[in-house]
Amino acid sequence: MIVLGIESTAHTFGVGIINESLRILSDVRRQYFPPKGMGIEPFQTAEYHSKYSVDVVKKAIEEAGISIKEIDAIAYSKGPGLGPCLRIGATIARALSLKYNIPLYPVHHAIGHIELVRSYFNLSNPLIVLVSGGHTVITAYRGGRWRPYGETLDITIGNLLDVFAREVGLDFPGGPIIEKLASRGKRYVELPYNIKGCNFQFSGLLTKAIQLMKKGQVSIEDLSFSLQETAFSIIVEATERALTSLKDSINSLAITGGVASNNVLYEKLVKMANIHGLKVYRLDKRWNSDNGVQIAIVGLRMLQQGLEGVPPEEAYILQKWRFDEVDIQWM
Ligand code: AMP
Ligand code: MG
């Protein structure tokens, strides 16, 4: 079985090809970087994807060393994400499906992040911390779906880092730049710490951090350090609360999504998990950020389960779509 996955929810247009042993035959991506001071504008980003998408598909097939006719399924990101960007991925998927008569599988982007880390470490009952530009949620599989046991009530952690970076004149994506600056920070300045049960909020923290930066009383290094310390402690505390309530039924922790590449967050999580005798699983950096393989792997699971694909004319997109609305039939 060979599955081709197409990712295009936001900044990245990616195509990944895998086989039934989860061997990655190819992984080709192009990432859009906005002009300085700007965010990811949906139409400009979609134009970028449109320009490079055919090339990315061709390269992925070439790199995999297969003929397109050997592909058993095409999976694409149905959502959630930026409408114009999603539309590019879905259109390419439709066209390939129609021309070569290959079944088509719509995939939830977050389920892709989750399934990738779960499958590669063969985790049976993990608590997953998904931290990215689109999601910040602590989730476990119960009764046929991934259920949220804690999540942001306003903006995501990726949003917090990227918007802070943009407002203070740093490049996109902000996360890795803030991580570097924070490593040189020494003084902690107090920032809003909002946690309610296992849920939390970041917008007060963002506003305060921007205000402090604009007043010029705190260095960018100290502010980056304080921002990371506060936001990551919130996530780890919420995870610990969720973990405590689920403890008997959880046997590992995993972290995924773009922000999972942050070592400060990872180390905090490991420290907390050690207290509870649990191991934290994290994929290599490359697999935390958006890619076609995470979409292909969900397509593979659907195919293995004997699920039928959708007809090309029904290859819709959904800009807003919660991951806990998706029935998981392969676990
Ligand atoms: P995704 O939406 O999964 O592609 O993740 C993108 C997000 O990950 C962006 O908000 C980035 O700023 C963030 N990110 C990437 N690398 C790091 C890092 N080392 N530390 C913190 N955030 C990061
Ligand atoms: Mg993502």
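## A buried glutamate and its partner

Glu-115 has a relative accessible area of 0% and is therefore buried, a term for residues under 20% relative accessible area, with exposed meaning over 50% and partly exposed in between (1.4 Å probe, protein chains only). The side chain of Glu-115 meets that of Arg-301 in a salt bridge, at 3.0 Å from N to O; a salt bridge is defined as a side-chain nitrogen of Lys or Arg within 4 Å of a carboxyl oxygen of Asp or Glu. Because Glu-115 lies in helix 3 (residues 109-120) and Arg-301 in helix 9, the pair ties together parts that are 186 residues apart in sequence. Helices (H or I, at least four residues) and strands (E, at least two) are DSSP runs, numbered from the N terminus. Arg-301 is also buried, with a relative accessible area of 14%.

## Basis of the model

This is a predicted model, in which local features need pLDDT of at least 70 and side-chain atom pairs count only at pLDDT 80 or more, while totals for chains, interfaces and linings use all residues. Residues are numbered from 1 along each chain as its sequence is written, chains are lettered from A and ligands numbered from 1 in the order in which they are written, and side-chain values use heavy atoms, with hydrogens and water left out.

## Further salt bridges

The structure holds 14 salt bridges. One of them joins the side chains of Asp-27 and Arg-286, at 2.5 Å from N to O. Asp-27 belongs to strand 3 (residues 24-31), whereas Arg-286 sits in the loop between strand 12 (280-282) and helix 9 (292-304), 259 residues apart. Asp-27 is buried at 11% relative accessibility, and Arg-286 is partly exposed at 41%.

Another salt bridge pairs Glu-221 with Arg-184, whose closest N and O atoms are 3.8 Å apart. Glu-221 is in helix 7 (residues 220-246) and Arg-184 in the loop between helix 5 (174-182) and strand 9 (194-196), a separation of 37 residues. Glu-221 is partly exposed at 22%, as is Arg-184 at 49%. Elsewhere, Asp-27, Arg-29 and Arg-286 form one network through salt bridges that share partners.

His-113 lies in helix 3 and Asp-290 in the loop between strand 12 and helix 9, 177 residues apart. His-113 is buried at 1% relative accessibility, and Asp-290 is buried at 10%.
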